[in-house]
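Visitor: I'd like to explore this protein with you, one spot at a time. Where shall we begin?

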Amino acid sequence: MEDVTDTRFSMHDTAVVETTNGPVRGTGDGVVTRWLGVRYAAAPVGPLRWRAPQPPQPWTEPADATVLGPVCPQPTDPRIPLDLGAPQGADCLTVNIWAPTRGDGPEGDGPEGDAHKPVLVWVHGGAYILGSGAQPLYNGRELAAGGDVVVVTVNYRLGPFGFLDLSWLGEGFETNTGLRDVLFALRWVRENIANFGGDPDRVTLFGESAGGGVVTTLLASPAAEGLFSRAIAQSSPVTSVYDQKRAQRIGEQFLGELGMTARQSDQLSELPVTAIIAAAKELFNDVPRLAPGTLGFAPIVDGDIVPDYPVNVARSGRTLPVPLIIGTNEHEAALFRWMRSPLLPISGQAISEMFTAIASEQPDLQIPTPAQIAAVYRGRGKKPGLGVARDIGFRMPSIWFAEGHSVVAPVYMYRFDWSTPMLRVLGLGGAHATELPYVWGNLVAGRRDPTFKLGGLGAGTEVSHRMRQRWCNFARGGSPDADEGPRWRPYDEKNRVNLLIGRDDQLAFDPDHIQRSTWGTEVLSFR
């Protein structure tokens with residue numbers, strides 16, 4: 001898998017492109033040209049730390065876009081060994097771009113004569129506090145070259161900088177700054193991507209986990225209208241969006257971790273990043289442990305960027321009318337058990353506490369009884385809890401969103417079932433995030449990657465080829481079909497067609513009918 005030192009990319013093969021802020025110089029290998037660490041907003045430091053993104057100071061000389069820029073400061077966790085791809089730093093509001101190298105035709109078009117190619121804009125996951133658009137996993141070369149598309153990965157503010165609501169403290173603090181960063185980056189794409197060979201009228205916003213949550217949240221945001229024409233939400237925590245009362249309680253807890261009071265809020269803009277990250281790490285672990293089923297950092301309903309809960313917007317037919325691919329993995333919760341992470345409630349006690357807390361918030365909500373749960377989620381140990389966590393955290397919220405959104409635009413629903421023999425031996429199977437290498441075409445993450453140690457690389461390569469074909473054909477403006485496998489039919493409440501992605505793709509009609517009858521039609525989530 002290629003990295004920033006890949007010798008295929010020569011400093012002598014450069015490409016200077018004009019942007020609205022100033023020219024940038026990238027580099028190519030004859031197949032793909034890339035521009036790394038391209039600034040789309042000013043550094044969010046000092047008084048801008050918790051404010052909406054602002055335009056950067058323009059420049060006139062070509063900026064070096066051959067090296068990845070800093071990624072948002074974040075805690076590290078040995079249970080989550082992420083390779084962020086670049087050092088952490090506050091000046092993190094950048095994008096990375098990969099585009100098929102233009103040919104020598106009269107208009108500098110590509111091999112198929114498509115001067116402006118479909119654009120895929122990636123929002124990474126990481127529980128709204130971890131990860132980056134610079135991760136080697138998200139290297140866009142294979143996706144751009146194989147799909148003949150332009151690929152953009154976005155760095156945005158995370159954790160306390162992007163998804164902690166401090167607006168109740170007064171001037172100097174704005175809501176949902178991480179979402180505002182993504183919106184700002186999408187506006188930058190709309191204004192500039194044509195110069196990189198992309199079509200601003202064919203932009204697909206796609207993301208996984210928290211990144212998928214950004215996608216479904218922006219589908220419910222009027223502020224995102226016109227910024228993308230298609231969307232893909234992989235394992236979106238659709239319902240992990242809270243009201244401002246809960247957000248303020250978490251904000252107060254954050255100040256308590258810092259040993260501060262609201263009266264000292266004027267000091268927050270200059271507080272050392274290390275102190276903020278230390279407090280954020282405590283919050284990240286404590287919130288789901290003390291209130292199972294909730295996150296310390298998440299989008300909030302602020303009446304502005306997020307006018308209402310996204311699932312409610314979808315179910316009332318008010319989401320942006322753009323075609324959507326949405327789905328989850330077969331064994332989502334297995335990754336959280338393997339990491340011993342409290343982010344999903346897996347134990348019987350944690351699940352019981354979650355249901356009790358939701359019932360106290362919403363006493364009229366119909367919650368499945370223990371007997372109903374036991375009848376569907378069988379097994380010993382944590383196995384029943386894994387199924388409950390998967391469905392309440394990812395699967396059912398995606399279904400609830402798909403049901404509503406299918407009224408305003410075509411929806412294609414999937415379930416990712418493929419796993420390698422090694423992942424099955426490890427008890428992971430098709431766990432959370434295991435589809436990512438196949439979407440990106442970056443199957444082996446170095447010599448120590450154990451994923452294919454027991455075989456499966458040949459079949460996995462075919463799975464990846466089909467997935468990339470489907471994602472790119474969808475971005476091109478067509479149906480998400482591949483050369484091999486069935487035609488993917490849209491999802492609706494009558495047929496509920498799902499594409500089951502495995503060694504061979506299959507169509508299934510209402511594969512979740514038992515879970516749907518168990519959980520009912522009411523949305524079960526925190527407020």
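Visitor: Which residues is Pro55 in contact with, leaving aside its neighbours within four places in sequence?
Guide: This is a predicted model, in which local features need pLDDT of at least 70, side-chain atom pairs count only at pLDDT 80 or more, and totals for chains, interfaces and linings use all residues. Residues are numbered from 1 along each chain as its sequence is written, and side-chain values use heavy atoms, with hydrogens and water left out. Pro55 lies in the loop between strand S3 (32-39) and strand S4 (63-64); helices (H or I, at least four residues) and strands (E, at least two) are DSSP runs, numbered from the N terminus. Contact means heavy atoms within 4.5 Å, and beyond its sequence neighbours within four places Pro55 is in contact with Ala42 and Phe184.

Visitor: Does Pro55 count as buried or exposed?
Guide: Buried means under 20% relative accessible area, exposed over 50%, and partly exposed in between, using a 1.4 Å probe and protein chains only. Because its relative accessibility is 54%, Pro55 counts as exposed.

Visitor: And which is Thr239, buried or exposed?
Guide: Thr239 is also a loop residue, found between strand S9 (230-234) and H5. Not counting residues up to four places away in sequence, it touches Val311, Ile392, Pro397, Trp400, Val523 and Ser525. Its relative accessibility is 11%, so Thr239 counts as buried.

Visitor: What distance does H6 reach from its first C-alpha to its last?
Guide: Helix H6 covers residues 273-290, which is 18 residues. The expected span of a helix is 1.5 Å times one less than its number of residues.

Visitor: Which helices are included in what covers the buried residues of H6?
Guide: The buried residues of H6 are Ile276, Ile277, Ala279, Ala280, Leu283, Phe284, Asp286, Val287 and Pro288. Their cover includes helix H2 (159-162) and helix H5 (244-258).

Visitor: Why is H5 described as oblique to H6?
Guide: Axes are lines fitted to C-alpha atoms, for helices over the stretch in contact, and angles run from 0 to 180 degrees between N-to-C directions. Angles under 35 degrees count as roughly parallel, over 145 as roughly antiparallel, 65 to 115 as roughly perpendicular and the rest as oblique. The axes of H5 and H6 come within 9 Å and cross at roughly 130 degrees. That angle makes H5, relative to H6, oblique.

Visitor: What is the angle at which H3 and H4 pack?
Guide: Helix H3 (residues 177-192) and helix H4 (residues 210-219) have axes 11 Å apart. Leu179, Val182, Leu183 and Leu186 of H3 make the contact with Val214, Thr217 and Leu218 of H4. The pair packs at an angle of about 75 degrees.
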